Amino acid sequence: MTKTGYFKAALQASAGVMAVMALNAPAFAQQAQADEDEEVQAGEGEFLGVIDIGESTRSIQTGTATPVTQVNREEIEDRQASTIAELIDSVPGVSLVNGSTPIGSGINIRGFGANSTYGTDQKINIQIDGASVGSEELYRIGTQLFTDPLLYKTVEVIRGPVGGFEYGSGGIGGTVRLETIDAYDLLRGQTGFTAAQTLGGYVDRGETGWNTSTTVAAMPTENFEFLANYTYREGGTRSDGNGNPISNSEFELPSFLVKGAVHFGADNAHTIEATYNQTETAERDKPYDSFETTGGAFGNVDRDTKSRTIVAGYYFDPIATDAVNLSLVYSYADQEIDQEYVPGSSPLEGTPSFPFLTGTVNADHRYETSKVTLKNVAYLTTGGIRHNLRTGVEYVRKDRLDASAAPGGTDERLAAFLVNEMELFRGFTLTPAVRYEGQSMKAIIFDGTANETPISVSYEAFMGGVSGRYELPFGLAVFGSWARTESFPILDDLESAAFRDQAERGETWEVGGAFNRTSVLFPNDRAAFKVNYYDSELTNATSQLGGATEVYIDGFEIEASYATASGFYADFNGNIVDGEFLNGGGVIADWNNIPANSYRLGFGKRFGGFDLRSESILVEDLYLDGVLDTEGYYLHNLHAIWKPQVDGLRNLSFRLSVENLFDEFYINALATRPGPGRTVRGTVSLQL
């Protein structure tokens, strides 16, 4: 399909949806969802009643200079995603690598992160409840983020480094932060007991998948809360838009979460909280190269993958002062991959080349990351300047099992950070951030002879940035930022004398504008947009980036929404990106890890407990050095949500969606296998 055809199809689909909405508008003009109601007062003691304010599907973060997007629990459930990657692909700047399966998939932000060879390049920081998760450069095994979306209440994506200095170093692409569900939110802060159940499934050309998620939560008193969740997800072999099976796409994914907290002291200012989170899968006779659909030269393996996080923390938040909000948190993230070669699956078996591969395909991998973070958040006023001051220190230790093509060892780091959001005068906010990090790595490497050589490397650096935002009249704001971060050497780099003593350096400039205002075209409607331009440069490249020594990326990220009090809403976001790299020979070429330009447009209408939504996705052709690398495509999705009010049940909802309505065949620019064809999904959720 040509680009003209894409736009024509998008306009036809959108026009149809708008026509339906126009026919229904008079009948539903006075209806809106209860959770969108706002109580408004004209003056002290004068209540004007309940006024419906138009709300879209996702709140655009116009009040900050940081390019950040938050996906809340409602959207997590509405999207019915199988993976976190599939959930956040609607965020501008985020692209997927085979995002529909938990194994062999990854997240790419602004051209960094997962690629078709490695699950990660250390340019994206990922945290679950504050625990740093993810592997390093595991060849052909995608394990960047291995968990289930239904375990979480929010997912936050910070694009670029400027908003991520309190979470880690090296986040040139950005930071992804996930927070697990908890009893307090499920019970809305009220004491008691509740249980929630979600049951969903999909149909894809006769193949099916299903998932179930059961949660129990209790707050017998205001001093104690407890939650337990079990989620099981199973997917069959997917089919592409041409009806061909996508090999290596089936999976089984059991997960569970246990979380509890105790509050004590005056005004319950003290809290001790602990969380255990685990996801695992077992693959049998599957390709070692998890990015591909066949075993190829590597052959197949039996592989068990387990990812778990443990978080335990003490929190002190006294009501008497805003200068103290202290937390001391220990976290442990463990990712274990056990695999064994399946005899007879490699065409190289029996040849002189095969012994070289046996160590790789039989290698077991394990990453254990322990972290202790002491942090305080203080709200202060000094000399008329308001401060939101976040300071902290942390110790991080990563232990990696020694394996073929994946050297083991220890990586210890000590860091300190300071972020100070200052309101200098009305409408103007300046936020400097600084992070110090010191590193010590130790490993024993094979030196190419018969000897094992101990290696020890130390590195330290200061990094940081500053952002500013000025709020103009009528809801307008302008902002800009500069940030410089460093991605320290990793254990893989210890085998290279050229890489082990230097860090990758990233520098990013950003500028943009935002608008957020109610009653723009009609009473109590709401319009918002945020446009961000960024320019990033990576130097001293040492990670596996296709021979690049420097990378230059710039682009626009666009978010916009409009909603009326009668329930009509529209959302749009776009990602326009360009990138080049310098290789070791001094030649500049197009950066082959950038995504294609993409645009997402949605229209919806809420009425009488229903939410009907139409979503169009347009991805342009991607050309690298003048040659077509990946063809563009157009996808159309339909969503229907019904939330009836039933006595004795809370959060009862029915969700039905049709993804890739026109059964389009497509391959994402960074993917190694096609995307799924037409898929019908359905979910039923309820809470007692």
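The model is predicted, so local features were taken at pLDDT of at least 70 and side-chain atom pairs at pLDDT 80 or more, whereas totals for chains, interfaces and linings use all residues. Residues are numbered from 1 along each chain as its sequence is written, and side-chain values rest on heavy atoms, with hydrogens and water left out.

A pair of aromatic rings is described by the distance of the centres and the angle of the planes. Rings of Phe, Tyr and Trp (its six-membered ring) were paired if their centres lie within 6.5 Å; planes under 30 degrees apart count as stacked, over 60 as edge-to-face and the rest as tilted. By this rule there are 18 aromatic pairs. One of them joins Trp210 and Tyr232, whose ring centres are 5.3 Å apart and whose planes meet at 45°, so the pair is tilted. This pair links distant parts of the chain, 22 residues apart: Trp210 belongs to strand E12 (residues 207-221) and Tyr232 to strand E13 (residues 224-235). Strands (E, at least two residues) and helices (H or I, at least four) are DSSP runs numbered from the N terminus. Accessibility was classed as buried under 20% relative accessible area, exposed over 50% and partly exposed in between (1.4 Å probe, protein chains only). Trp210, at 37%, is partly exposed, while Tyr232, at 15%, is buried.

Phe607 and Phe610 form a stacked pair, with 5.8 Å between centres and 25° between planes. Phe607 is buried at 14% relative accessibility, and Phe610 is partly exposed at 33%.

A charge was taken to sit over a ring if NZ of Lys or CZ of Arg is within 6 Å of the ring centre and within 35 degrees of the ring normal. The charged end of Arg238 sits over the ring of Tyr202, 4.6 Å from its centre. Lys530 lies over the face of Phe479, at 5.3 Å from the ring centre.

Two strands pair if DSSP finds at least two bridges between them. Strand E5 (residues 106-109) pairs with E6 over 2 bridges in the antiparallel sense, and Asn108 stands opposite Gly113 in E6.

Glu664 lies in the loop between strand E34 (650-659) and strand E35 (679-687), and is buried at 15% relative accessibility. The C-alpha atoms of Glu664 and Gly241 are 4.8 Å apart, although 423 residues separate them along the chain.
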